[in-house]
Amino acid sequence: LTTGGGWQDQVGGLVPGIKIGRSKPQLPLRVDIERITVTEEFVKTLNDHLLLVYTGKTRLARNLLQDVLRNWYARLPSIVENVDASVRNTEECAQAFIKGDLSWIGQCLNTYWQQKKCMAPGCEPSAVRHIMAVLRPHVHGQSLAG
């Protein structure tokens with residue numbers, strides 16, 4: 001909590017299950033959480049398809065976040081549009097979970113990763129880029145955590 005980051009990871013860790021967090025651009029911040037209900041069968045299918053790869057690569061989020069915030073406060077058109085598109089993608093992903101559509105979820109995850117790279121250029125180490133390229137034909141979607 002000392003790196004100047006947002007609240008997304010805290011919501012993810014504190015509220016179990018699949019959910020979407022929303023907030024209005026105001027202070028004090030109030031996060032409204034909508035739980036996404038899915039069947040136990042879909043949870044099993046999803047868990048059967050998840051893969052976490054530990055790369056051993058570390059980075060300090062503060063450095064990336066400072067650049068992201070600087071670009072946001074400058075109101076760079078590409079960043080503002082990317083944030084708007086990210087909100088739309090999040091809502092679309094929620095619908096994909098509700099429908100239980102792994103392929104659609106994968107597409108949303110891929111879109112999220114592209115949006116994340118737009119917000120934080122340089123967040124994709126070359127070793128990770130190579131791993132993702134190798135995995136691409138075998139997965140529905142992929143992203144870097146954190």
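Helices (H or I, at least four residues) and strands (E, at least two) are DSSP runs, numbered from the N terminus. The model is predicted: local features need pLDDT of at least 70, side-chain atom pairs count only at pLDDT 80 or more, and totals for chains, interfaces and linings use all residues. Residues are numbered from 1 along each chain as its sequence is written, and side-chain values use heavy atoms, with hydrogens and water left out.

**Stop 1: P28 and the cis bond**

Select P28, in the loop between β1 (19–23) and β2 (31–35). The peptide bond that joins L27 to P28 is cis, with omega at about 0°. Most residues other than glycine have a negative phi, and most peptide bonds are trans.

**Stop 2: I20**

Move to I20, in strand β1. Is I20 buried or exposed? Its relative accessibility is 5%, so I20 counts as buried; buried means under 20% relative accessible area, exposed over 50%, and partly exposed in between (1.4 Å probe, protein chains only). Now show its contacts, a contact being heavy atoms within 4.5 Å. With residues up to four places away in sequence not counted, I20 touches D32, I33, E34, I36, T90, E91 and A94. One of these, T90, is 70 residues from I20 in sequence, while the C-alpha atoms of the two are 7.9 Å apart in space.

**Stop 3: V53**

Next select V53, in the loop between α2 (40–49) and α3. V53 has a relative accessible area of 41% and is therefore partly exposed.

**Stop 4: R75**

Go on to R75, in the loop between α3 (61–73) and α4. R75 is not a glycine, yet its phi is positive, at about 55°. At 46% relative accessibility, R75 counts as partly exposed.

**Stop 5: α4 against α5**

Two packed helices are described by the angle between their axes and the distance between the axes. Select residues 77–99 for helix α4 and residues 102–119 for helix α5; their axes come within 9 Å and cross at roughly 160°. That crossing makes α4 roughly antiparallel to α5. Axes are lines fitted to C-alpha atoms, for helices over the stretch in contact, and angles run from 0 to 180 degrees between N-to-C directions. Angles under 35 degrees count as roughly parallel, over 145 as roughly antiparallel, 65 to 115 as roughly perpendicular and the rest as oblique.

Which residue classes make up the contact of α4 with α5? There are 12 nonpolar, seven polar and two charged residues. Here Ala, Val, Leu, Ile, Met, Phe, Trp, Tyr, Cys and Pro count as nonpolar, Asp, Glu, Lys and Arg as charged, and the others, Gly among them, as polar.

**Stop 6: S103**

Stay on helix α5 and pick S103. S103 is partly exposed, at 36% relative accessibility. V139 is 36 residues from S103 in sequence and 9.0 Å from it in space, C-alpha to C-alpha.

**Stop 7: E124**

Select E124, in the loop between α5 and α6. E124 is buried, with a relative accessible area of 12%. Its side chain makes a polar contact of 3.2 Å with the side chain of W113, and another, at 3.4 Å, with the side chain of K117. A polar contact is a pair of N or O atoms within 3.5 Å; within protein, one must be able to donate a hydrogen and the other to accept it, and residues adjacent in sequence count only if both atoms are side-chain atoms. Neighbours within four places in sequence aside, E124 is in contact with W113, K117, R129 and M132.

**Stop 8: Q142**

End at Q142, in the segment after α6 (126–135). Q142 counts as buried, at 11% relative accessibility. What does the side chain of Q142 reach? It reaches the backbone oxygen of M132, at 2.9 Å. Not counting residues up to four places away in sequence, Q142 touches L109, N110, W113, M132, L135 and R136. W113 and M132 are also among the contacts of E124.
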